Structures are given as C-alpha cells and as structure tokens.
Amino acid sequence: KMGFAIARAAAEAGAEVTLVSGPVHLPTPRGVQRIDVQSAQQMADTVLPLASHQHAFIASAAVADWRPTQTHQHKMKKVEGGATAPTLAMTENLDILAAVAKLPQPPYCVGFAAESEKLAEHADAKRRRK
C-alpha cells in the first residue's frame, strides 16, 4: 500500500511514474504506468533496465530474500512408502535496491528498513551496505 501511495503522490505532484508491482489487488493510481510481475526475479529483470533512465528510484517493499533453487510445474507427489519430506534448497534473490544503487549512473535511491530492534543502528548499517 505504501508504494501505491507514494506513486500516487508523485504523480499528483507532476512526476512521470512507473510502478513495478508484485501480485496485489490495488487499483493503479491515476497517471501512473504500472508493470505487474509475479516473482522477485521478474521484478529485478524489469526494474534494472528501467532504473538507469530514472531520476529517482523508491523501493517501498522488499521482495523475498530467498527463493527455491528448483521449481516444479506440477504437484510433487508422495513416494509410496516414503515417510521423508522432500528437502527444499534455497538460493538468494538479488537485492534490487542495492543493484540499482550500484549502477554506473544510479538514480537517487530511497529505501525503507523494517527492523524489530536497534532501529537506527540497523537502518544505518543497511543504508551504508546498499
């Protein structure tokens, strides 16, 4: 909701806004170009080519840090007599905000830090890292 509110406010202030959104049931703010994606990988693939042509990049919600290494087209069936659950190997998703900030000509970047303790300390460390 925050990203949609920021997009709406920016558009109302006269900015040309492109909103890249994961699956949500929110209406597109008037005057905003919206690109829908389904996964963190699709979001990265969409955002990175666009970011270098923008004046500002606002990352209002983090995508998942991890994704399954392997996906399946269909349901994974139980093996007859198999009592062991399948293992789930994970791989790290790209940190999109950090990747945009490291572009050769990055836009002005804004990010938000959702922390549960040592708020200022963890947010500052995240800002410096990205």
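## An exposed lysine in a loop

Lysine 118 is exposed, because its relative accessible area is 53% and the cut-off for that class is over 50%. In this predicted model, lysine 118 is found in the loop that runs between β6 (108-111) and α4 (119-129). The backbone of lysine 118 has a positive phi of about 45°, although this residue is not a glycine.

Met2, Ile58 and Phe112 together make a nonpolar surface patch of about 270 Å². Of these residues, methionine 2 lies in helix α1, which covers residues 2-12. Methionine 2 counts as partly exposed because its relative accessibility is 37%, a value that falls in the range between under 20% for buried and over 50% for exposed.

## The nonpolar cores

The largest nonpolar core has 11 residues, namely Val20, Val37, Met43, Ala44, Val47, Ala51, Phe57, Ile96, Leu97, Val100 and Leu103. Two or more residues of this core are given by each of the elements α2 (40-51) and α3 (96-101), and the largest share, 4 residues, comes from α2.

When neighbours within four places in sequence are left aside, isoleucine 96 is in contact with Ala40, Met43, Ala44, Val47, Phe57 and Val63.

Terms used
Residues are numbered from 1 along each chain as its sequence is written. This is a predicted model: local features need pLDDT of at least 70, side-chain atom pairs count only at pLDDT 80 or more; totals for chains, interfaces and linings use all residues. Side-chain values use heavy atoms; hydrogens and water are left out. Patches are made of residues with over 30% relative accessible area and no salt bridge: like charges are joined within 9 Å, nonpolar side chains (Val, Leu, Ile, Met, Phe, Trp, Tyr) within 5 Å. Accessible areas come from the Shrake-Rupley method with a 1.4 Å probe; for residues, only the protein chains shown count as cover. A salt bridge is a side-chain nitrogen of Lys or Arg within 4 Å of a carboxyl oxygen of Asp or Glu. Buried means under 20% relative accessible area, exposed over 50%, partly exposed in between (1.4 Å probe, protein chains only). A nonpolar core is a set of buried Ala, Val, Leu, Ile, Met, Phe, Trp, Tyr and Cys residues joined through side-chain atoms within 4.5 Å. Contact means heavy atoms within 4.5 Å.
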